[in-house]
Amino acid sequence: MRWVSALFLLSLALAQGPAYPENTLGLTYAPDGGRFFLQGSAALPFTPLGIDTGLEAQLLLSGSPSAYALFKANLFPGLVLRDLYTAVGVGLDLRWPLGVHLGPLVSFELPGSVLWLSGGVGYQAGLHLAYGAGLRVYLDPLAVEVSATDRYPFALSLLYLW
């Protein structure tokens, strides 16, 4: 039972966006300190063993320099839980200044939107738990996302998808 509880807690966090790769470019605003991030993601051209891979990145445009990158692999793209299409993947989170985390990514498809959760354990000035959750609403070709992570308590993103 402890293993199931630990896996559940880990699945409640890590990074940004759905478990499956998407091509996006946009701007994120986190009101704590008025920080703006340039945000983008891309589906990568290689698919080892048929697994879709992607890369997401954020670059802080205001304040002290920081950058964030998430390499993700969509391990189970076609699960269905309670009539919701679900994707489960794994992410490797790299941060500047020095930080690295590894953990699961989960996304649930809702009509016209996606709810995502992520988690990870790693190093950032010592043992660190990374977490994140968000809701992305698709307004083709745009998307609006509201999220919270261990990097910021609240953020609003406007993304262009192609």
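**Exercise 1.** Find which residue of S8 stands opposite Leu 115.

*Solution.* Leu 115 faces Leu 135 in S8. The two strands involved are S7 (residues 113-123) and S8 (residues 127-139), antiparallel and joined by 11 bridges. Strands are DSSP runs (E, at least two residues) numbered from the N terminus, and two of them pair if DSSP finds at least two bridges between them.

The model is predicted: local features need pLDDT of at least 70, side-chain atom pairs count only at pLDDT 80 or more, and totals for chains, interfaces and linings use all residues. Residues are numbered from 1 along each chain as its sequence is written, and side-chain values use heavy atoms, leaving out hydrogens and water.

**Exercise 2.** State how many strands close into the barrel, and in what order.

*Solution.* The barrel is closed by 10 strands with antiparallel pairing, in the order S1-S2-S3-S4-S5-S6-S7-S8-S9-S10. From one strand to the next, the twist averages 20 degrees (axes are lines fitted to C-alpha atoms; angles run from 0 to 180 degrees between N-to-C directions).

**Exercise 3.** Trace the salt bridges of Arg 95.

*Solution.* A salt bridge is a side-chain nitrogen of Lys or Arg within 4 Å of a carboxyl oxygen of Asp or Glu. Arg 95 meets Asp 93 at 2.8 Å, N to O. Arg 95 also meets Asp 150 at 2.8 Å, N to O. This second pair links distant parts of the chain, 55 residues apart: Arg 95 lies in strand S5 (residues 84-96), Asp 150 in the loop between S9 (142-149) and S10 (155-161). Both Arg 95 and Asp 150 are buried (under 20% relative accessible area; exposed is over 50%, partly exposed in between; 1.4 Å probe, protein chains only).

Definitions and conventions: Helix = DSSP H or I, 4+ residues; strand = E, 2+ residues; numbered from the N terminus.
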